[in-house]
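Subject: Structure handover

Dear colleague,

Please find the structure below, followed by an account of what was found in it. I would be grateful if you would read the two together.

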Amino acid sequence: MYRQGDVLIVPVAAEALPPGTDALPRQPRDGRGRLVLALGEVTGHAHAVVGPGTLVREPGPFGVSYLHLPDGGRVVHEEHAAIPLPKGWYRVVRQREYTPGAVRVVAD
Amino acid sequence: MSGGHALADEDRAARWRTVAAATGPADREAAEAGIRRAYAQAGLAAPERIVWAGSPLAATAAVLLLTGKEEWLPRELAERAAGTLRAAGVEPVAGGAGASVREAVRTQPWARARQRLHDDLGPAGWAGRWALAAAPLWEVTRALTERVRTGVTEALAPARDQETAVRLALLDAVLGQHDAPWLAAVTDEAESGPLAGVAAVARAAGWWWPYERVVIVAERPVELHRDEAGRLDRGDGPALAFPDGFALYAWRGMPVPAAFLEQLDELTPERIREEENAELRRVMLEHYGYERYLQESGAQPVHRDETGVLWRIALDGDEPVVMVEVVNSTPEPDGTHRTYWLRVPPRVRTAREGVAWTFGVDADAYHPERET
């Protein structure tokens, strides 16, 4: 697994993906052609993948994202060093924080 | 529904969102013209007098005088309301304004407009219109109006058995700018149709009470501060305030006394520890900063490993604050490493368990091979 700031990228074997992952809606690339894994709402900085691949996301506010990189790729960010990723499927997890009675997502 | 319709509905929501959140002095000329137009559209004679009040609180006090509920009103508020009415040429006595005409001015035209749109768009089309144009404004605006009602009721009803009278007086109000959510759904009727008068008042003023001979209109707020979730939120003054001084204080939507906010800038770790109200203490901690509190309260780390440091602050009568201190692996431009604190559930016992929890994985499974 790989961690870039507040995003954890966990390899998942293709046969271990939840059923229907292939059919989940594909996330569009941003204006710069990148797959945005997580966007910092305050800074606008993004954890993003450049190059070929797909990003799908389960519906709903707590839906999980899955990243498919058939040829491998690199995850980049304005403030963090880039991380090369081997080819395969990944589960993308956004860091969260505990608040009594609720949980909120961390903005990097 | 086509994409074109959807876009137009979002435009409706955006236009009326501005109205709902507007602050500053009312456009009295436009509001009074809107009131007269609303009366004319309802087939009623124009009101004889239009009385301006500095807040929904002052307006409600005036309404209570005009409906004969003045004997238990707090004296100062009753006298001020009577003065406002007299200055506008209205005798502050029961029956002085005639009967409420809210039904004719607001409710019936709204019901007819809704029915027409329901017929034109079909049930699904109307539901779509409501979902896109009105619903985005509905929850936050309703929460705001309910807070205002509660604040007015607390100020005007010294005893519980008087609350009903205040609530009933508040139900006679047309909500002006806070009618924006449903006006967004019927925007076309609100531009030039049968609701044009009501909509003009909404764009220009706050809450208003239409009676046969007299209309009481409230000014809009001068201060309105909300957080991203739309909840009233301000740490250094009233979150909502009207020009006559009626104000509500809140932190992340939680009502707090004005005096509580005044002391936030003078907090000490001792004062926070001594606060017995758990909700207020949470506000204090958040305002003070967990990081600063950890440093200044002499909190001791309870566990340390290669993922970070775990801290724990015991609090009387509340769950402990447990936090992991994490260091960013990528250095900042000046070569230092940014440290940040994340609160984790109180059951967490090790730093690794805490960091793993923030990513929703088990401590045993949390082993990043690369971190930046």
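How many residues does the contact take from chain A and from chain B? It takes 27 from chain A and 29 from chain B, where contact means heavy atoms within 4.5 Å.

Please note that this is a predicted model, in which local features need pLDDT of at least 70 and side-chain atom pairs count only at pLDDT 80 or more, while totals for chains, interfaces and linings use all residues. Residues are numbered from 1 along each chain as its sequence is written, chains are lettered from A and ligands numbered from 1 in the order in which they are written, and side-chain values use heavy atoms, with hydrogens and water left out.

The interface. Chain A and chain B bury about 2,400 Å² between them, with carbon and sulfur atoms giving 51%; buried area is the accessible area (1.4 Å probe) that two parts lose on being put together, summed over both. Of the area that chain A buries against chain B, 34% is supplied by Met1(A), Arg3(A) and Tyr98(A), more than by any other three residues.

The sheets. Strands (E, at least two residues) and helices (H or I, at least four) are DSSP runs, numbered from the N terminus, and two strands pair if DSSP finds at least two bridges between them. An open sheet of six strands with mixed pairing has the order β5(A)-β6(A)-β9(A)-β2(A)-β1(A)-β13(B). Its edge strands are β5 (54-57) of chain A and β13 (370-371) of chain B, each pairing on one side only. Within this order, β6 (65-69) and β9 (88-94) of chain A run antiparallel and are joined by five bridges, and Tyr66(A) stands opposite Arg91(A) in β9(A).

Another open sheet, of four strands with antiparallel pairing, has the order β3-β4-β7-β8 in chain A. Here β3 (35-39) and β8 (83-85) of chain A are the edge strands. Four bridges pair β3(A) with β4 (46-50) of chain A, and Leu35(A) has Val49(A) in β4(A) as its bridge partner.

The second largest pocket. A pocket is an open set of points on a 1 Å grid over the protein atoms alone where a 1.4 Å probe fits, with protein on both sides within 12 Å along at least five of seven lines; lining residues have an atom within 4 Å of a point. The second largest pocket is lined by 16 residues, and Arg106(B), Trp138(B), Leu175(B), Asp179(B) and Trp182(B) lie nearest its centre. The largest share of the lining, eight residues, comes from α5(B).

Yours sincerely
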